[in-house]
Amino acid sequence: MARISGINLPLNKRAEIGLTYIFGIGKSTSNKILETVKIDKNKLIKDLSEGEVEKVRSIIEKNYKAEGVLKRQILDNIKRLKQINSYRGTRHSKRLPVRGQRTKTNSRTIRGNVRKKGASGKKASGKKV
């Protein structure tokens, strides 16, 4: 079993795709890592030897920020934006889109799936017919 940066890599995936299961490593970064270690990117994770896994693990730890370190850095950056009361920080704290997207419509994922009924806010008629 290949375990890198606290993540169990899926055994039946190619090495190029399996490394992308680590937060902070995408397809191009995984290709660079495999080229430096000289591992075929089409080789399955279960076919990697312990030495190859150890080489990949050491390269990721030395040269790249991944998993917990990267997540902590992102959270620290957001906390800093909130502390200095920047526009982006206030948008983060209000849970609104940060990067200039419109909010009248299309911001459902960041706001949560808030849907108002079309009849809300209207007064009920006084008489029954």
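**Figure 1. Salt bridge between Glu 16 and Arg 14.** The side chains of Glu 16 and Arg 14 form a salt bridge at 3.0 Å, N to O (a side-chain nitrogen of Lys or Arg within 4 Å of a carboxyl oxygen of Asp or Glu). Glu 16 is buried, at 5% relative accessible area, whereas Arg 14 is partly exposed, at 30% (buried is under 20% relative accessible area, exposed over 50%, partly exposed in between; 1.4 Å probe, protein chains only). The model is predicted; local features require pLDDT of at least 70 and side-chain atom pairs pLDDT 80 or more, while totals for chains, interfaces and linings use all residues. Residues are numbered from 1 along each chain as its sequence is written, and side-chain values use heavy atoms, with hydrogens and water left out.

**Figure 2. Salt bridge between Glu 52 and Lys 43.** In this pair, the closest N and O atoms are 3.3 Å apart. Glu 52 is buried, with a relative accessible area of 18%; Lys 43 is partly exposed, with 27%.

**Figure 3. Salt bridge between Lys 71 and Glu 67.** The N to O distance between the side chains of Lys 71 and Glu 67 is 3.9 Å. Lys 71 is partly exposed at 40% relative accessible area, and Glu 67 is buried at 13%. The structure holds 4 salt bridges.

Figure 4. A cavity is a set of points on a 1 Å grid over the protein atoms alone where a 1.4 Å probe fits but cannot get out, and lining residues have an atom within 4 Å of a point. Its lining includes Ala 2, Leu 19, Ile 45 and Val 56.

Key
On a 1 Å grid over the protein atoms alone, a cavity is a set of points where a 1.4 Å probe fits but cannot get out, and a pocket is an open set with protein on both sides within 12 Å along at least five of seven lines; lining residues have an atom within 4 Å of a point.
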